[in-house]
Amino acid sequence: KGLVVLSSSGANPPPSQPPRQAWRRTRFQQLQRTPKTLWMRANTFLTDRPIRLLTAGSIALLLGFFCATSAATIIGSVADWDPLAAFVLLLLTESFTKMLYSQDSPSSAMRIANAFKV
């Protein structure tokens, strides 16, 4: 009927179980931890070698300029939305700046995000 694997003692081995905490977490709890895990991995990746930080900062700076130009072009096409869009972008920028400068020593990932913001 089925394949039975016997150990040297002749009994079936016990089924392997995952670690206790791994199977207790729900899918939602795992999704909640994802941003924090990604942020920590990015910070670890950037602090391994200084050239990675320089490269990522340069790419973030160029990507930030591209996104700013795109946002100004798209939102500027509908002139009614200019004041509202400017207010939202200013609010986001200033809140991020407050968060960045309130820390004693910002992480590498925060520095990259600041380069994107510039």
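This is a predicted model: local features need pLDDT of at least 70, side-chain atom pairs count only at pLDDT 80 or more; totals for chains, interfaces and linings use all residues.
Figure 1. The chain has five helices and zero strands. Of its 118 residues, 13% are buried. The chain exposes about 10,100 Å², and carbon and sulfur atoms supply 66% of that area. Among contacts between residues at least 6 apart in sequence, 49% join residues at least 24 apart.

**Figure 2. Helix α3, residues 50-76.** Helix α3 contains 27 residues. From its first C-alpha to its last, α3 reaches 39 Å, close to the 39 Å expected at 1.5 Å a residue. Gly 57, Ala 60 and Gly 64 are buried in this helix. The cover over the buried residues of α3 includes α5, which runs from residue 108 to residue 117.

**Figure 3. Helix α5 and the helices it packs against.** The buried residues of α5 are Ser 108, Ala 109, Met 110, Ile 112, Asn 114 and Ala 115. Those buried residues pack against α2 (27-48), α3 and α4.

**Figure 4. A nonpolar surface patch of about 600 Å².** Leu 84, Phe 87, Val 88, Leu 89, Leu 91 and Leu 92 make this patch. Two of its members are followed here. Leu 84 lies in helix α4, which covers residues 82-101. Its relative accessibility is 56%, so Leu 84 counts as exposed, given that exposed means over 50%. Leu 92 is also placed in helix α4. Because its relative accessible area is 53%, Leu 92 is exposed.

**Figure 5. Leu 92 and Lys 117.** These two residues are 25 residues apart along the chain. In the model, the C-alpha atoms of Leu 92 and Lys 117 are separated by 9.5 Å. Helix α4 is one of the helices against which the buried residues of α5 pack.

Note on methods: Residues are numbered from 1 along each chain as its sequence is written. Side-chain values use heavy atoms; hydrogens and water are left out. Helices (H or I, at least four residues) and strands (E, at least two) are DSSP runs, numbered from the N terminus. The expected span of a helix is 1.5 Å times one less than its number of residues. Buried means under 20% relative accessible area, exposed over 50%, partly exposed in between (1.4 Å probe, protein chains only). Contact means heavy atoms within 4.5 Å. Patches are made of residues with over 30% relative accessible area and no salt bridge: like charges are joined within 9 Å, nonpolar side chains (Val, Leu, Ile, Met, Phe, Trp, Tyr) within 5 Å. Accessible areas come from the Shrake-Rupley method with a 1.4 Å probe; for residues, only the protein chains shown count as cover. A salt bridge is a side-chain nitrogen of Lys or Arg within 4 Å of a carboxyl oxygen of Asp or Glu.
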